[in-house]
Amino acid sequence: MAKHKGKGWHSRLLAAGLGVTVVAAAASVWTAQADPAGARKPQASVAAPVVEVAADIAHASDRGARGVNITIDDGPDPVWTPKVLQLLEDNGVKATFCMVGTQAKAHPDLVKKVVAAGHRLCDHTVAHDTTMDRQSEAFQSQQILDAERMITEASGGVRPQYYRAPGGAFTPYSRQLAASRGMRPLGWNVDSKDFELPGSDTMVATVKREIANGPTILFHDAGGDRSQTVAALREVLPWLKQQGYSFGFPVR
């Protein structure tokens with residue numbers, strides 16, 4: 001999500017995330033410890049092995065020069081994620097869902113639906129703190145790794161393949177950490193600015209005007225009323241097809 005989003009949603013997420021991570025920070029320790037007899041093992045162990053990926057920020061599409069990546073941030077949300085999923089299905093589009101850890105933990109059924117529909121998962125931290133680039137390495141690590149665990153557990157063992165810093169607040173440390181966990185840092189080229197609620201027509205115009213800048217388009221399925229986003233996607237997805245674009249995933 002873009003850095004200048006309204007403070008209300010971010011503050012609620014940060015407060016919730018900090019509450020969760022006081023406990024989660026301790027829980028994370030067992031991922032680095034030997035497993036004594038009878039100790040709980042992390043559910044994430046059912047996921048595929050971790051393979052390190054490139055640490056530079058991805059923008060390109062795996063479908064090449066005429067590929068487009070639809071990315072959906074901040075969910076899952078019980079109201080808006082199902083509507084976005086239905087639109088994607090209706091248009092035969094696969095997308096990348098950048099999920100906030102607390103949201104994934106609260107709505108595991110939706111995480112599983114996203115995976116079952118063939119979409120990919122992206123780690124968007126626990127608390128969506130847009131000052132990540134000014135936080136300590138310990139804080140960055142906790143936010144990224146705990147969200148990875150929450151999303152993986154909520155999905156039933158499917159690991160996120162990307163990491164998107166809230167507001168694009170990447171650091172060299174966070175990029176390398178994510179990459180070491182098999183999550184390619186993920187940027188964007190076209191910001192629909194749907195969090196500003198500019199109207200669906202404005203969002204559509206933004207995509208049409210800026211798609212020449214690159215293939216990765218940013219939308220949101222949480223953080224408030226996303227009816228404008230749904231309306232914009234209903235128009236944008238067919239238009240992109242008409243222009244000869246195909247839908248893919250960000251490169252890894």
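Colleague: Which residues are buried in helix H4 (residues 108-116)?

Modeller: A word on the source before that: this is a predicted model, where local features need pLDDT of at least 70, side-chain atom pairs count only at pLDDT 80 or more, and totals for chains, interfaces and linings use all residues. Residues are numbered from 1 along each chain as its sequence is written, and side-chain values use heavy atoms, with hydrogens and water left out. Helices (H or I, at least four residues) and strands (E, at least two) are DSSP runs, numbered from the N terminus. Buried means under 20% relative accessible area, exposed over 50%, and partly exposed in between (1.4 Å probe, protein chains only). In H4, the buried residues are Leu-110, Val-111 and Val-114.

Colleague: Why do the buried residues of H4 line one face of the helix?

Modeller: The general idea first: an α-helix has 3.6 residues a turn, so residues three or four places apart point the same way. Here, looking down the axis of H4, the buried residues fall within an arc of 105 degrees, so they line one face. The arc is that of the directions from the helix axis to the C-beta atoms.

Colleague: What covers the buried residues of H4?

Modeller: Contact means heavy atoms within 4.5 Å. The cover includes helices H2 (80-90), H3 (101-106) and H5 (137-155), along with strands E2 (96-99) and E3 (120-123). Just after H4, Gly-118 has a positive phi of about 90 degrees.

Colleague: How should I read the packing of H2 and H4, and at what angle do they pack?

Modeller: Two packed helices are described by the angle between their axes and the distance between the axes. Axes are lines fitted to C-alpha atoms, for helices over the stretch in contact, and angles run from 0 to 180 degrees between N-to-C directions. For H2 and H4 the angle is about 10 degrees and the axes are 11 Å apart. Thr-81, Pro-82 and Leu-85 of H2 meet Leu-110, Lys-113 and Val-114 of H4.

Colleague: And how do the axes of H7 (residues 200-210) and H8 (residues 227-242) cross?

Modeller: They come within 8 Å and cross at roughly 35 degrees. Residues making this contact include Met-203 and Val-207 of H7, and Ala-232 and Trp-239 of H8.

Colleague: Let's turn to loops. Where is Asp-74 placed, and is Asp-74 buried or exposed?

Modeller: Asp-74 sits in the loop between strand E1 (67-73) and H2. Asp-74 is buried, at a relative accessible area of 0%. Its phi is near 85 degrees, a positive value in a residue other than glycine. The C-alpha atoms of Asp-74 and His-128 are separated by 8.0 Å, although these residues are 54 apart along the chain. In the loop between E1 and H2 you also find Pro-76, joined to Gly-75 by a cis peptide bond with omega about 5 degrees.

Colleague: Which value does phi of Lys-193 take?

Modeller: Phi of Lys-193 is near 55 degrees, again positive in a residue other than glycine. Lys-193 lies in the loop between strand E6 (190-191) and H7, and at 34% relative accessibility Lys-193 counts as partly exposed.
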